[in-house]
Amino acid sequence: MSKQIKLIWDFRGSDSFPIAQHHQIHLEEFIKKENLQLQETGTNKINASYSIAYMMVSEPEMLKVRDALRPHRGELITFDD
């Protein structure tokens with residue numbers, strides 16, 4: 001069973017979605033700079049005043065990324081191999 005962690009940054013306010021999209025650009029830059037295994041990022045507009053940006057990381061890379069980027073929260077995702 002492989003484990004991935006979805007690191008999440010929350011943005012609130014009327015401009016939350018454009019801010020989340022901009023944050024995603026920085027997450028992608030970090031992935032390239034650090035040569036991370038997983039390369040999935042994204043944004044979700046939850047409602048008009050709440051959006052998130054997220055980044056998927058492998059379990060071994062989680063501490064390094066968490067300490068460098070300080071996400072607001074994380075979710076464990078498990079997959080049956």
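Tutor: In this predicted model, Asp 10 and Arg 73 form a salt bridge, in which the closest N and O atoms are 3.0 Å apart. As background, side chains of opposite charge can pair when their charged atoms come close.

Asp 10 has a relative accessible area of 18%, and because buried means under 20%, Asp 10 is buried. Arg 73, with 34% relative accessibility, counts as partly exposed, because this value lies between the 20% limit for buried and the 50% limit for exposed.

Arg 73 also forms a salt bridge with Glu 75, where the closest N and O atoms are 3.7 Å apart. Glu 75 counts as partly exposed, at 34% relative accessibility. Through shared partners, these salt bridges join Asp 10, Arg 73 and Glu 75 into one network.

The count of salt bridges comes to five, and one of them links the side chains of Asp 67 and Arg 66, at 3.0 Å from N to O. Asp 67 is exposed, having a relative accessible area of 52%, whereas Arg 66 counts as partly exposed at 38%.

From here we can turn to the helices. Helix α1 (residues 16-34) and helix α2 (residues 62-69) have axes that come within 13 Å and cross at roughly 130°, and they are therefore oblique to each other. The crossing of α1 and α2 is right-handed. On the α1 side the residues that meet the other helix are Leu 27, Phe 30 and Glu 34, and on the α2 side they are Lys 64, Val 65, Ala 68 and Leu 69. Sorted by class, this contact of α1 with α2 has five nonpolar residues, two charged residues and no polar ones.

Phe 30, whose place is in helix α1, counts as buried at 11% relative accessibility. If we leave aside neighbours within four places in sequence, Phe 30 is in contact with Leu 36, Met 55, Val 65, Ala 68 and Leu 69. Ile 8 and Phe 30, for their part, are 22 residues apart in sequence and 15 Å apart in space, from C-alpha to C-alpha.

Notes: Residues numbered from 1 in each chain as written. Predicted model: local features only at pLDDT ≥ 70, side-chain atom pairs only at ≥ 80, totals over all residues. Heavy atoms only, no water. Axes fitted to C-alpha atoms, helices over the stretch in contact; angles between N-to-C directions. Helix = DSSP H or I, 4+ residues; strand = E, 2+ residues; numbered from the N terminus. Parallel < 35°, antiparallel > 145°, perpendicular 65-115°, else oblique. Left-handed = near helix turned anticlockwise from the far one by under 90°. Contact = heavy atoms within 4.5 Å. Nonpolar A, V, L, I, M, F, W, Y, C, P; charged D, E, K, R; others polar. Buried < 20%, exposed > 50% of the residue type's maximum accessible area, 1.4 Å probe, protein only. Salt bridge = Lys/Arg side-chain N within 4 Å of Asp/Glu carboxyl O.
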